[in-house]
Amino acid sequence: MGLELYLDLLSQPCRSIYIFARSNNIPFEFKQVELFKGGPGTGPGRAAARPSNSEGAGKVSLLKKVPALKDGDFTLAECTAILLYLSRKYNTPDHWYPSDIQKRAQVDEYLSWHHTNIRANAPKTMWIKVLIPLFTGQPLPSEKLQEVMEGLSASLKQFEERFLKDKAFIIGSEISLADLVAVVELMQPVGVGCDIFEDRPRLMEWRRRVEDAVGKELFFQAHEMIFNIRELSNIQIHPQLKEHLAPVLMKMLK
Amino acid sequence: MGLELYLDLLSQPCRALYIFARSNNIPFEFKQVELMKGQHKTEEFQKVNMLMKVPAMRDGSFTLAESIAILLYMVRKFKTPDHWYPSDLQKRARVDEYLSWQHISIRGKGSKLFLMKLLLPLLTGQPLPPEKLEGATEELNAVLKQFEETFLQDKPFIAGSEISLADLVALVELMQPVGSGYDLFEERPKLAAWRRRVEEAVGKQLFQEAHEGILNAKNLTVDMIAPEMLEQFKQHLLKQAQVL
């Protein structure tokens, strides 16, 4: 049994892992997880998966959270950890996570900053524009959306001025894990109709470079679901999931 | 000019760097950046980190932000003992996994409780409504449960039998709510035992020294804050309380 990757391409971190693995021809079995169709215990969220480990621990519930990796007996959650594991195990080209100590530090720096900045706001666009109306039946809260877009704008400004600057990619002339993790996150608002690249030509050019570097076809294939997010409204949401998520979403509205 | 670490030991990630560097005898210049005095907003500090956050590092002409990036940089540059960031692929992945997960869970919820229980009351002159504190405490309790069940389990340390960056980063974060008066170790014997192990591994004296400020946080008074920073801090923290 080889490498298994548990993914739902509606999820940004899943897309970065999918693109990275495919772009590097890493052989894996795609284990589809459908976050919105799942039964009890499933649903999007950031809580950790429950990894088992060689020192014999709790039960593995991989299907509860994505992304997740299973490599024989070894299971792993968290996008950054999975990307780094894959880059090491499969000896991917150096530019993804450069051996140069300073360049590597710059990738680490972005991957860390990403959590509480870009990733704090970008996903909310989908929650507000699609999920809240879908799950709670409440209309789209436009004030909340504006708040989120302002927060996202502030992060994007820092991204351009501090991380990207005038370089082709975050660490310089070649793509790294940092660019991949950033771009998939920014495609979320695009998918739900908030095109953050529209008024940002430098960012748009960077995005095109990232698409070219991983392969345009692969990039679009990975993003097909998010581009067709409207179809989500037609999906039969598991009633227990709806029940479970509605209060969480209502809290977000406050 | 050697390694410079820009730190305020009231900040959790700053403590992780301080303890790690001292524990490994890494030579560095301690550059104090007092957050309460607004020293992170000075032009001089912005040259080191334009994001105006601590911790930050300068090594010659190379500057770096984000504690995890700085810790890993030090691991590699100073070739610290393997257990800190094990070369074993799976153990290393466990450390990466914790370091990634903790941002919005342990760090987020620990910080939130600290700011609601101590910082905001300090700045506004009044305590928060009890139900808000209860809510924040419950959120922290929930992630503590996940920490114990998923990451620590029955092992001495997160990655196994030896301390790693994951344990250090975790513990300094947990000391923040403790500094605000929530002794989360009190009814959690497994966590308390792990804490003792981490303290011993880095050196009890060093650990205590690094935590002196935060454990005396209750003695902070509003006049210690630069008056021009007061309103800014208040607004920032009110927003943080909603976001975290």
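**Exercise 1. Find which residues of chain A are linked with Arg207(A) in a network of salt bridges.**

Step 1: recall the rule, in which a salt bridge is a side-chain nitrogen of Lys or Arg within 4 Å of a carboxyl oxygen of Asp or Glu.
Step 2: apply the rule, and Arg207(A) turns out to be linked with Glu211(A), Asp212(A) and Lys216(A) in a network of salt bridges.
Step 3: count over all chains, which gives 28 salt bridges by this rule.

Before you go on, please note that this is a predicted model, where local features need pLDDT of at least 70, side-chain atom pairs count only at pLDDT 80 or more, and totals for chains, interfaces and linings use all residues. Residues are numbered from 1 along each chain as its sequence is written, chains are lettered from A and ligands numbered from 1 in the order in which they are written, and side-chain values use heavy atoms, with hydrogens and water left out.

**Exercise 2. Work out which parts of chain A the pair Glu109(A) and Arg162(A) ties together.**

Step 1: look at the closest N and O atoms of Glu109(A) and Arg162(A), which are 2.7 Å apart in a salt bridge.
Step 2: Glu109(A) lies in helix α3 (residues 101-116) of chain A and Arg162(A) in helix α5 (residues 142-164) of chain A, so the pair ties together parts 53 residues apart in sequence.
Step 3: check the cover, where buried means under 20% relative accessible area, exposed over 50%, and partly exposed in between (1.4 Å probe, protein chains only). Glu109(A) has 3% relative accessibility and therefore counts as buried; Arg162(A), at 10%, counts as buried too.

**Exercise 3. Move to chain B and describe the pair Glu4(B) and Arg58(B).**

Step 1: their side chains meet in a salt bridge, with 3.0 Å from N to O.
Step 2: the pair links distant parts of the chain, as Glu4(B) belongs to strand β1 (residues 3-7) of chain B and Arg58(B) to strand β3 (residues 56-59) of chain B, 54 residues apart.
Step 3: Glu4(B) is buried, with a relative accessible area of 3%, whereas Arg58(B) is partly exposed, with 24%.

**Exercise 4. Find which residues Ser67(B) touches, not counting residues up to four places away in sequence.**

Step 1: locate Ser67(B) in helix α3 (residues 67-77) of chain B.
Step 2: Ser67(B) is buried, with a relative accessible area of 15%.

**Exercise 5. Describe chain B as a whole.**

Step 1: there are 10 helices and 4 strands in chain B, and from the N terminus they run β-α-β-α-β-β-α-α-α-α-α-α-α-α.
Step 2: the C-alpha trace spans about 50 × 45 × 30 Å along its principal axes.
Step 3: of the 244 residues in chain B, 58% are buried.
Step 4: among contacts with a separation of 6 or more in chain B, 72% join residues 24 or more positions apart.

Key
Helices (H or I, at least four residues) and strands (E, at least two) are DSSP runs, numbered from the N terminus. Contact means heavy atoms within 4.5 Å.
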